[in-house]
Amino acid sequence: MTETIFDAWNTGKCIASVFCDLTNAFDFVNYELLIKKLEVYGIRRVLLNWLKSYVDNRKQRIHPQLLQSNNISNWHKVEHGVHQGSMIINKISDIRMFVDDTGILITANSQDELLQRFNHVLNHMSKWFQANRLTRNPIKTKVLKFTSAEQPNALNLTYAYHLLIEVETLKFLGLQLDNQITWKKCLKLLLRKLSSACFLMRRLYYILNIDSLTIVYFAQFH
């Protein structure tokens with residue numbers, strides 16, 4: 001990603017990215033669509049039938065403790081969503097057919113061309129989300145224009161009749177991205193987290209063995 005950004009800068013091109021957040025993406029994984037997509041990607045026969053048997057005809061009901069009554073709810077068929085405690089569907093989702101964070105990087109020779117390309121891509125995204133029964137969260141969908149200028153020109157992008165929010169920094173896949181790729185905010189947050197971890201490790205050093213300290217380190221920082 002950074003190489004693409006620097007290449008655009010070096011060739012005098014405009015570059016920006018839109019980061020879409022999908023509302024409850026994993027809760028809306030449709031089993032029928034999932035099986036069809038897996039088949040398209042080459043999963044066949046025994047493995048595909050095994051996965052079908054895993055998601056087909058699954059049912060769930062609510063326990064009385066959750067209902068605050070003595071009656072158990074009726075069984076209802078589950079047709080979409082990640083099963084709680086399930087590792088299989090989570091691993092399947094890593095194929096990235098269903099994700100809750102989607103980032104698209106677009107380059108162009110001018111800002112006008114960049115706007116045209118963005119509108120074209122956003123239109124296709126809207127159709128793809130609709131076809132896959134996913135809902136974009138307009139509040140969390142943001143635009144980040146990468147530039148070496150201190151005050152970049154606003155893009156004023158709209159999507160589904162909403163003006164997209166343009167930001168200078170945002171968190172994506174655990175990293176803080178900034179529009180000038182300085183990583184200053186990312187490093188600042190990392191150092192703050194490391195400082196807290198070091199303080200905790202110093203306090204626990206005299207009461208825990210090395211194995212326990214290692215567990216604490218990985219839980220708090222790594």
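**R45 and its helix**

I started with R45, which is found in helix α3, residues 45-55. This is a predicted model, so I am reading computed values throughout. I looked up the backbone angle of R45 and found a positive phi of about 50 degrees, although R45 is not a glycine. I noted the background: most residues other than glycine have a negative phi. Is R45 buried or exposed? R45 is exposed, with a relative accessible area of 72%.

**α3 against α2**

Next I checked how α3 sits against helix α2, residues 31-40. The two axes come within 11 Å and cross at roughly 170 degrees. That makes α2 roughly antiparallel to α3, because angles over 145 degrees count that way. I then listed the residues that meet. From α2 I have Y31, I35, L38 and E39. From α3 I have L48, L51, K52 and V55. I sorted this contact by class and got six nonpolar, no polar and two charged residues.

**R133**

R133 is not a glycine, yet its phi is positive, near 55 degrees. Where does R133 lie? R133 is in the loop between α6 and β5, and β5 covers 142-146. I read its relative accessibility as 47%, so R133 counts as partly exposed.

**The nonpolar cores**

The largest nonpolar core has 20 residues. Which of them touch the most other members? I found V18, L114, F118, M125, F129, L155 and L164. β1 (14-21), β4 (101-108) and α6 (111-131) each supply at least two residues. The largest share, five residues, comes from α6.

Setting aside residues up to four places away in sequence, F118 touches A16, S17, V18, I106, L155 and L157. I also found a second, separate core of 11 residues. Its members include I5, F19, L144 and F146. I kept one general point beside this: nonpolar side chains tend to be buried together in soluble globular proteins.

I moved to T2, which lies in helix α1, residues 2-10. T2 is partly exposed, with a relative accessible area of 31%. What does T2 contact, leaving aside its neighbours within four places in sequence? I found I181 and W183. T2 and I181 are 179 residues apart along the chain, but their C-alpha atoms are separated by 7.8 Å.

**α7 and α8**

I went on to helix α7 (residues 184-204) and helix α8 (residues 210-220). Their axes come within 10 Å and cross at roughly 160 degrees. α7 and α8 are therefore roughly antiparallel to each other. I checked the handedness too, and α7 passes α8 in a right-handed crossing. Which residues of α7 meet α8? I found K193, L200, M201 and L204. Their partners in α8 are L213, V216, Y217 and Q220. By class, I got six nonpolar, one polar and one charged residues for this contact.

**Whole chain**

I finished with the totals. The protein chain has 222 residues, and 33% of them count as buried. Its secondary structure comes to eight helices and 10 strands.

Terms used
Residues are numbered from 1 along each chain as its sequence is written. This is a predicted model: local features need pLDDT of at least 70, side-chain atom pairs count only at pLDDT 80 or more; totals for chains, interfaces and linings use all residues. Side-chain values use heavy atoms; hydrogens and water are left out. Axes are lines fitted to C-alpha atoms, for helices over the stretch in contact, and angles run from 0 to 180 degrees between N-to-C directions. Helices (H or I, at least four residues) and strands (E, at least two) are DSSP runs, numbered from the N terminus. Angles under 35 degrees count as roughly parallel, over 145 as roughly antiparallel, 65 to 115 as roughly perpendicular and the rest as oblique. A crossing is left-handed if the near helix is turned anticlockwise from the far one by less than a right angle, and right-handed if clockwise. Contact means heavy atoms within 4.5 Å. Ala, Val, Leu, Ile, Met, Phe, Trp, Tyr, Cys and Pro count as nonpolar, Asp, Glu, Lys and Arg as charged, and the others, Gly among them, as polar. A nonpolar core is a set of buried Ala, Val, Leu, Ile, Met, Phe, Trp, Tyr and Cys residues joined through side-chain atoms within 4.5 Å. Buried means under 20% relative accessible area, exposed over 50%, partly exposed in between (1.4 Å probe, protein chains only).
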